Structure formats: C-alpha cells, structure tokens
Amino acid sequence: MTQPLAETLTHLRVGNQTFLIKFYQENRDLFARWARRQHQLQPAVAHELLRTVLVEFYDQVADGRLTKLPPDLRAHVYGMAAQNLQTTTDESDVLPAAESGRRRRLLGLFTQLTADCQQVLMFFYFRGYNFEKVAGKMGFANATVARLQKSGCLRRLYDLHLRAQLAADPASGDA
C-alpha cells in the first residue's frame, strides 16, 4: 500500500481493483477478529461483510462520491461495516410480521426478473442513482432510455405480482 493515494484512486476509477484485492487479503483475518469481538460474527460471515463493504467502497470511488482516500482506510472500512450491520439490525427489529412477509414475497418476484432489470431497479431505488447515472452504469444511450427501461422493469414486476395474487386467490380475478 505504498502506492500514492491519487494514483490508487485513479486505478480504482478505471476499474483496476488490485488495491482492493490486496487490502482484502491483508486485512481479512484482522477484520474477522474485529467482527467476532464487536459483533459476534463467524469468520465466513465477516469475510462476506468485508467483501460487501469493499464493493460499496469501490462503487463510491467509481461514481465519484468519494474523491479522496480516507487517511485511515481500515478505520473507514470498519466504520462502513459497522454502519451496514447497524442498518441491517435496525430494519429487522422494526418490521412487523405482515410487512416482513410482503417484502419476502416481493423479493421472490424480484428474483424472477432478468439480471438487467434487477440491476436497473437496484441502481434507481436502492442506490438512489438518477437516470443519467443509471444510463452510464448500464451502458444505455441516455437518461431517457434508462427511464424507459426502469418503467418497463417496474411494469414486469407489477405483472408478476398480479399473477402471483391471481394464483393465490383465483376467485378474486373473476370480477
């Protein structure tokens, strides 16, 4: 990690992930130990969390949300992981059983969409990307194409939802 910080960011922005791979290899055991002590996570779960956080860090650099490397990258990554864990536990603690079931069913329908549709909806709704950024990430010609793609994917998800409702209660479709 003796590489100059500006050079590291430049490499990350153009897709060279060598820095992150090296960071992961050098820090995965330390991270697993920290995750076990602080959050009672098993090593395999901690390693998956570290990979998830590093992918999010990479996305932040690639998208320009992170313009300079934090002074202590390890502390920054650990903070992102703690925030990720906190968000996950907060969401699972508050959801009533009916809402949890609804979300589980929706996730099941979501997995039936094509990979591109899933990606478009994830970028727009979960990552909060605007249509310009979705177009850039997906390789669409412009923001209008991204908007139309998102609309079509949402329509497919809605159609899957209606079909699932009809399959669950055929009498409700006879009106």
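This is a predicted model: local features need pLDDT of at least 70, side-chain atom pairs count only at pLDDT 80 or more; totals for chains, interfaces and linings use all residues.
The protein has 8 helices and 0 strands, and a search of the whole structure turns up 1 disulfide.

**The big picture**

- Reading from the N terminus, the elements go α-α-α-α-α-α-α-α.
- Of the 175 residues in the protein, 30% are buried.
- Take the contacts between residues at least 6 apart in sequence: 54% of them join residues at least 24 apart.

**The disulfide**

- The two partners are Cys117 and Cys153, with an S to S distance of 2.2 Å.
- What is the handedness of the disulfide? The torsion about the S-S bond of Cys117 and Cys153 is about -80°, so the disulfide is left-handed.
- Both Cys117 and Cys153 are buried.

**A closer look at helix H6**

- H6 has 12 residues, and at 1.5 Å a residue they should span 16 Å. The C-alpha atoms at its ends are 15 Å apart, which agrees.
- Which residues of H6 are buried? They are Cys117, Val120, Leu121 and Phe123.
- Looking down the axis of H6, you'd find its buried residues within an arc of 160°, so they line one face of the helix.
- Over on the other side of H6, Ala115 and Phe126 are exposed.
- And what do the buried residues of H6 pack against? Their partners are helix H5 (97-110), helix H7 (131-138) and H8.
- After H6 comes Gly128, which has a positive phi, near 75°.

- You'll find Gln40 in the loop between helix H2 (18-39) and helix H3 (43-63).
- Gln40 is a residue other than glycine, yet its phi is positive, near 55°.
- Is Gln40 buried or exposed? Its relative accessibility is 61%, and exposed means over 50%, so Gln40 counts as exposed.

Definitions and conventions. Residues are numbered from 1 along each chain as its sequence is written. Side-chain values use heavy atoms; hydrogens and water are left out. A disulfide is a pair of cysteine sulfur atoms within 2.5 Å. Buried means under 20% relative accessible area, exposed over 50%, partly exposed in between (1.4 Å probe, protein chains only). Helices (H or I, at least four residues) and strands (E, at least two) are DSSP runs, numbered from the N terminus. Contact means heavy atoms within 4.5 Å. The expected span of a helix is 1.5 Å times one less than its number of residues. The arc is that of the directions from the helix axis to the C-beta atoms.
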